[in-house]
Amino acid sequence: MNNMIILLISILILIILFLVIVLIIGKRKIEELIIPLDISKQEINTYLKEKYKVYREIVEFLKSNLSIREEAFKNFLDFNAKECLQNDLINILDNTTDEINEYVDNYDDLLKNDDFLKLKKKLYNIQVNLEAVIDYYNGKINIYNNLKEKYPTSLATKFFVFEDYSKVQNEKKEISRLISLN
């Protein structure tokens, strides 16, 4: 009888020890993805702010070199990039891209202007890097969410609190001649 109790206690201790090890390993696997996610998120914000600055330069260039509508770029110019959410910045940049493209498409001389081409080249480089970081970030989010949802790492999410990350929308739609180098 004593041997049976000792055996049951030993088995119970081994099961608990196994669960603790699974929890620790699961937690570490999930935490390993948090660092690259945070770094990527920060890089995305940096590229978005750089893109915003270049857009400001482009808008100023257009205003000083073309006759544009008075209300053109009003939303963009009134926008405060320092006090905004990432999605708000993405939305204003997308809307401004469409607005800038109207002028690029209607004024072919812009595409021959060296100053404009320099801005366009700068914007192209930012866009390429931004899309690469967004793709990396979204890929890591898929892995992160899978780890949080699938056994055995899902056990760790029941005992530990992990931040929720959402994907960055990156439709890679054609944004006309503004960013292409052609």
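**Terms and their grounds**

Modeller: Along the sequence, the protein chain reads α-α-α-α-α-α. It has six helices and zero strands, where helices (H or I, at least four residues) and strands (E, at least two) are DSSP runs, numbered from the N terminus. The model is predicted: local features need pLDDT of at least 70, side-chain atom pairs count only at pLDDT 80 or more, and totals for chains, interfaces and linings use all residues. Residues are numbered from 1 along each chain as its sequence is written, and side-chain values use heavy atoms, with hydrogens and water left out.

Biologist: What makes helix 1 roughly antiparallel to helix 4?

Modeller: Helix 1 (residues 2-65) packs against helix 4 (residues 114-149) at an angle of about 155°, with the axes 8 Å apart. Axes are lines fitted to C-alpha atoms, for helices over the stretch in contact, and angles run from 0 to 180 degrees between N-to-C directions. Angles under 35 degrees count as roughly parallel, over 145 as roughly antiparallel, 65 to 115 as roughly perpendicular and the rest as oblique. Helix 1 is therefore roughly antiparallel to helix 4. The residues of this contact divide into 26 nonpolar, three polar and 10 charged; Ala, Val, Leu, Ile, Met, Phe, Trp, Tyr, Cys and Pro count as nonpolar, Asp, Glu, Lys and Arg as charged, and the others, Gly among them, as polar.

Biologist: Why is helix 1 described as roughly parallel to helix 3?

Modeller: The axes of helix 1 and helix 3 (residues 86-106) come within 10 Å and cross at roughly 30°. By the cut-off already given, helix 1 is therefore roughly parallel to helix 3. Among the residues that meet are I44, L48 and Y52 in helix 1, with L89, L93 and I100 in helix 3; contact means heavy atoms within 4.5 Å. This contact of helix 1 with helix 3 divides into 12 nonpolar, four polar and three charged residues.

Biologist: How do you know that I30 is buried?

Modeller: Buried means under 20% relative accessible area, exposed over 50%, and partly exposed in between (1.4 Å probe, protein chains only). I30 has a relative accessible area of 0%, and is therefore buried. I30 lies in helix 1. Leaving aside neighbours within four places in sequence, I30 is in contact with Y144, L147, K148, T153, A156, T157 and F162. The C-alpha atoms of I30 and K148 are separated by 7.2 Å, although the two are 118 residues apart along the chain. Of the 182 residues of the protein chain, 36% count as buried.

Biologist: What makes N95 partly exposed?

Modeller: N95 has 48% relative accessibility, and therefore counts as partly exposed. N95 is found in helix 3. From C-alpha to C-alpha, N95 and E31 are 36 Å apart in space and 64 residues apart in sequence.

Biologist: Why does K74 count as partly exposed?

Modeller: K74 has a relative accessible area of 48%, so K74 is partly exposed. This residue lies in helix 2 (residues 74-78).

Biologist: Which peptide bond is cis, and what is its omega?

Modeller: The cis peptide bond joins Y151 and P152, with omega about 5°. P152 is placed in the loop between helix 4 and helix 5 (153-159). At 37% relative accessibility, P152 counts as partly exposed. P152 and G26 are 126 residues apart in sequence, and their C-alpha atoms are 6.8 Å apart in space.
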